[in-house]
Amino acid sequence: MTNKNVTEFKAKLEEKISKEEAKKAIQIILKYIGENPSREGLLETPKRVIKAFDEYFSGYTEDPHEYLEKTFGDVEGYDDMVIQKNISVQSHCEHHMAPILGIAHVAYIPSEKVVGLSKLARVVASYARRLQTQERLTMQIANAISKGLKAQGAAVSIDATHQCMTTRGVMKENATTITNYFTGSFRDNPSLQQRFLTYINQQK
Ligand SMILES: [Zn+2]
């Protein structure tokens, strides 16, 4: 670790909130919404909420780049598009902490290395399990795959519903949001973008 990293690491440890403190915060929110945190049905709720948060936001304890470290070089020169469709996305918006639910489609064009297929879904999940905007999530996945695999290019498309829009606020329950992000050869070549979009929009 460099000195800068050690300082940042120590600062993080000091900032770290204990589970007990976090549970108290949930009790306060229960009171705020008009509930009685002492009634039987709610006694264990703060503990369960924090456990659920640990899952929803597990991305903060992961480094997505680690999933891209183990690669396979022996692919006999395969250098066309690898596409993984319909990867489920469970995230939370950073503005309301409301669920963002949808699917991601991920593609890359290898230069010399390919990665195990399950790892693409792991990269999606580790960025999704944080507070996000859909735009940033889309870019982060594409950039990680692009750089981590030294790929010729990467493409990511996400189609998701934001519960802060569907269950509150403007209440548009059928609204979905689509974001696309392209790097490298995809960015420079509209026909590659078109191929990707055609594949992901094809029915099975
Ligand atoms: Zn929101």
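Helices and strand pairs in a predicted model

Visitor: What makes the length of helix 4 (residues 117-128) close to the expected one?

Guide: Helix 4 has twelve residues, and 18 Å separate its first C-alpha from its last, close to the 16 Å expected at 1.5 Å a residue. The expected span is 1.5 Å times one less than the number of residues. Helices here are DSSP runs of H or I with at least four residues, strands are runs of E with at least two, and both are numbered from the N terminus. This is a predicted model, in which local features need pLDDT of at least 70, side-chain atom pairs count only at pLDDT 80 or more, and totals for chains, interfaces and linings use all residues. Residues are numbered from 1 along each chain as its sequence is written.

Visitor: Which residues of helix 4 are buried?

Guide: Among them are K119, L120, V123 and V124. A residue is buried if 20 or more other C-beta atoms, placed from the backbone, lie within 10 Å of its own.

Visitor: How many bridges join strand 2 to strand 3?

Guide: Nine bridges join these antiparallel strands, and two strands pair if DSSP finds at least two bridges between them, so strand 2 and strand 3 pair.

Visitor: What is the bridge partner of C93 in strand 5?

Guide: The partner is Q132. Strand 2 and strand 5 run parallel and are joined by two bridges.

Methods:
A residue is buried if 20 or more other C-beta atoms lie within 10 Å of its own, exposed if 12 or fewer, and partly exposed in between; C-beta atoms are placed from the backbone.
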